[in-house]
Amino acid sequence: FGISSELEQSLQRQVWLKRGGYLVFDHTEALTAIDINTGKYVGKRNQAETILQTNLMAAREIPRQLRLRDIGGIIVIDFIDMESQEDKNKVVAELKRYIRQDRARTKVFDISPLGLIEMSRKRVRPTLLHIFSEDCPYCQGRGHIMSVESLTNRLETTIRRIATRCRERKYQIRVNPVLAHFIRQQRLDTFGEIQEAHKVELHLLDDPRLHREQHEITALETGRDLVAAVSR
């Protein structure tokens, strides 16, 4: 049970510290970024003390997480900004002290004026994130998709292009139900303007099998793929 719990935690983007602060891990092809936040921790004295204590807790926990997650390569740690040079030195010293427990070869550089610490850790094997997870099939690992407003604008541009270049005047438009709902609620007037300006008929259909960023436009009578026709 303990191993399963640790494994599950190692796959989470956010890691809570003991007093309410937390770490956020973000992975890219080039590096791993770790952000520190005070979260619920407010400290007992003043803001500077709260920041120092949160950064010290992070400096102790980060080396453990690097080992647990098998993170290697370039690592950038964004500590909470500290004004005191003495506090900065304490945090760097604490990080280096706990890093020494790591068997992997690591190198820690001094904290930058922006409060960043760059370090490198020898990559021995793929991270646990890569072993036990895969990119989201919906966003392809980007972590975001286009907004419905942007998707609708793109769709309208495509329809206008088709209306200008193709002889067909009746179009069957298939989109994801989320996008179809937005169009019916917010953009029917615009679709009406397109129909009137280009003398075309637009038939909007919900298609749950389509990704939100996908659409299909075919000639209603012949089934010809009109998107492909104007993309050549």
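Glu-86 and Lys-90 join their side chains in a salt bridge, with N and O 3.9 Å apart; the term covers a side-chain nitrogen of Lys or Arg within 4 Å of a carboxyl oxygen of Asp or Glu. Both residues sit in helix α3 (residues 85–99), four residues apart, about one turn of the helix. Helices (H or I, at least four residues) and strands (E, at least two) are DSSP runs, numbered from the N terminus.

A word on the source: this is a predicted model, where local features need pLDDT of at least 70, side-chain atom pairs count only at pLDDT 80 or more, and totals for chains, interfaces and linings use all residues. Residues are numbered from 1 along each chain as its sequence is written, and side-chain values use heavy atoms, leaving out hydrogens and water.

The structure holds 14 salt bridges, including these:

| Pair | N to O distance |
|---|---|
| Asp-26 and Arg-13 | 2.6 Å |
| Asp-207 and Arg-209 | 2.9 Å |

Asp-207 is buried at 6% relative accessibility, while Arg-209 is exposed at 58%. Here buried means under 20% relative accessible area, exposed over 50%, and partly exposed in between (1.4 Å probe, protein chains only). Shared partners link Arg-174, Asp-207, Arg-209 and Glu-216 into one salt-bridge network.

Now to the sheet. Strands β8, β7 and β9 form an open sheet in the order β8-β7-β9, with mixed pairing; two strands pair if DSSP finds at least two bridges between them. Its edge strands are β8 (201–206) and β9 (215–219). Strand β7 (residues 170–175) runs antiparallel to β9, joined by five bridges, and Val-175 stands opposite His-215 in β9.
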